[in-house]
Amino acid sequence: LLQHVLKTAKSGKPDSVCAAVEQFGNDVLGKSKTWLKVAAGTKAEVLVSAAKHAPPGGSMLEIGTYCGHSAVRLAAARPGTRIATLEVDPVHVVIARSVVAFAGLSSSIDVWTGHSRDLLRRLADKYGRGDSGDGGF
């Protein structure tokens with residue numbers, strides 16, 4: 001997936017990065033009758049609409065980063081919003097951080113490694129909030 005994104009997407013262009021992730025799911029994995037667990041198509045439209053209607057600035061929490069696709073969508077849809085996204089699988093964390101960086105959104109998205117039960121308290125300490133922010137996914 002990461003190799004496909006780096007090869008086919010445009011650096012610093014979140015929409016191009018998301019399109020490359022989705023293309024990988026359709027064109028590469030689709031042939032093997034497997035699927036990519038990302039919010040694409042209609043689900044992406046709902047996610048983007050929700051993000052655009054969130055209060056300006058603020059923060060959002062995503063639990064389950066996978067490859068960073070949804071975090072990139074959220075950050076691109078709502079510039080100035082801080083996205084904290086959690087992933088338990090360290091391999092997925094490396095891929096997600098790379099996807100986020102390639103999209104040019106490292107300054108807006110923090111990818112955390114670990115289980116939500118262990119990280120939620122640390123998030124409150126880091127961001128100075130006792131809740132999950134202004135939105136969650």
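From the N terminus on, the elements of the chain follow the order α-α-α-β-α-β-α-β-α-β. That makes up a set of six helices and four strands, where helices (H or I, at least four residues) and strands (E, at least two) are DSSP runs, numbered from the N terminus. This is a predicted model, in which local features need pLDDT of at least 70 and side-chain atom pairs count only at pLDDT 80 or more, while totals for chains, interfaces and linings use all residues. Residues are numbered from 1 along each chain as its sequence is written, and side-chain values use heavy atoms, with hydrogens and water left out.

**The chain overall**

- Of the 137 residues in the chain, 44% are buried; buried means under 20% relative accessible area, exposed means over 50%, and partly exposed is in between (1.4 Å probe, protein chains only).
- Among contacts between residues at least 6 apart in sequence, 61% join residues at least 24 apart; a contact means heavy atoms within 4.5 Å.

**Helix H4 and its burial**

- Helix H4 covers residues 69-77, and eight of its nine residues are buried, so H4 is largely enclosed by the rest of the structure.
- The buried residues of H4 are His-69, Ser-70, Ala-71, Val-72, Arg-73, Leu-74, Ala-75 and Ala-77.
- Their packing partners are helix H2 (14-29), H3, strand S1 (59-63), S2, helix H5 (90-103) and S3.

**H4 against H3**

- Two packed helices are described by the angle between their axes and the distance between the axes.
- The axes of helix H3 (residues 42-52) and H4 come within 8 Å and cross at roughly 40 degrees; axes are lines fitted to C-alpha atoms, for helices over the stretch in contact, and angles run from 0 to 180 degrees between N-to-C directions.
- H3 and H4 are therefore oblique to each other, given that angles under 35 degrees count as roughly parallel, over 145 as roughly antiparallel, 65 to 115 as roughly perpendicular and the rest as oblique.
- The crossing of H3 and H4 is right-handed; a crossing is left-handed if the near helix is turned anticlockwise from the far one by less than a right angle, and right-handed if clockwise.
- On the H3 side, the contact uses Ala-44, Leu-47, Val-48, Ala-51 and Lys-52, and on the H4 side Ser-70, Arg-73, Leu-74 and Ala-77.
- Sorted by class, this contact of H3 with H4 has six nonpolar, one polar and two charged residues; Ala, Val, Leu, Ile, Met, Phe, Trp, Tyr, Cys and Pro count as nonpolar, Asp, Glu, Lys and Arg as charged, and the others, Gly among them, as polar.

**H4 against H2**

- The axes of H2 and H4 come within 10 Å, with a crossing angle of roughly 155 degrees.
- This angle makes H2 roughly antiparallel to H4.
- H2 and H4 cross in the left-handed sense.
- H2 brings Pro-14, Asp-15, Cys-18, Val-21 and Glu-22 to the contact, and H4 brings His-69, Val-72, Arg-73 and Ala-76.
- By class, the contact of H2 with H4 has five nonpolar, one polar and three charged residues.

**The strands**

- S1 is mostly covered, with four of its five residues buried.
- S1 and S2 run parallel and are joined by five bridges; two strands pair if DSSP finds at least two bridges between them.
- Within this pairing, Ile-63 has Leu-86 of S2 as its bridge partner.
- Strand S2 (residues 82-87) also pairs with S3 in the parallel sense, over five bridges.
- Here Thr-85 has Val-111 of S3 as its bridge partner.
- Strand S3 (residues 109-113) is mostly covered too, as four of its five residues are buried.

**Loop residues to look at**

- Tyr-66 sits in the loop between S1 and H4, and its phi is near 55 degrees, a positive value in a residue other than glycine.
- Tyr-66 has 19% relative accessibility and so counts as buried.
- Ser-107 belongs to the loop between H5 and S3 and, at 59% relative accessibility, counts as exposed.
- Ser-107 and Ile-83 are 24 residues apart in sequence and 9.5 Å apart in space, C-alpha to C-alpha.
- His-115 lies in the loop between S3 and helix H6 (116-127) and, at 32% relative accessibility, counts as partly exposed.
- His-115 and Gly-64 are 51 residues apart in sequence, and their C-alpha atoms are 9.1 Å apart in space.
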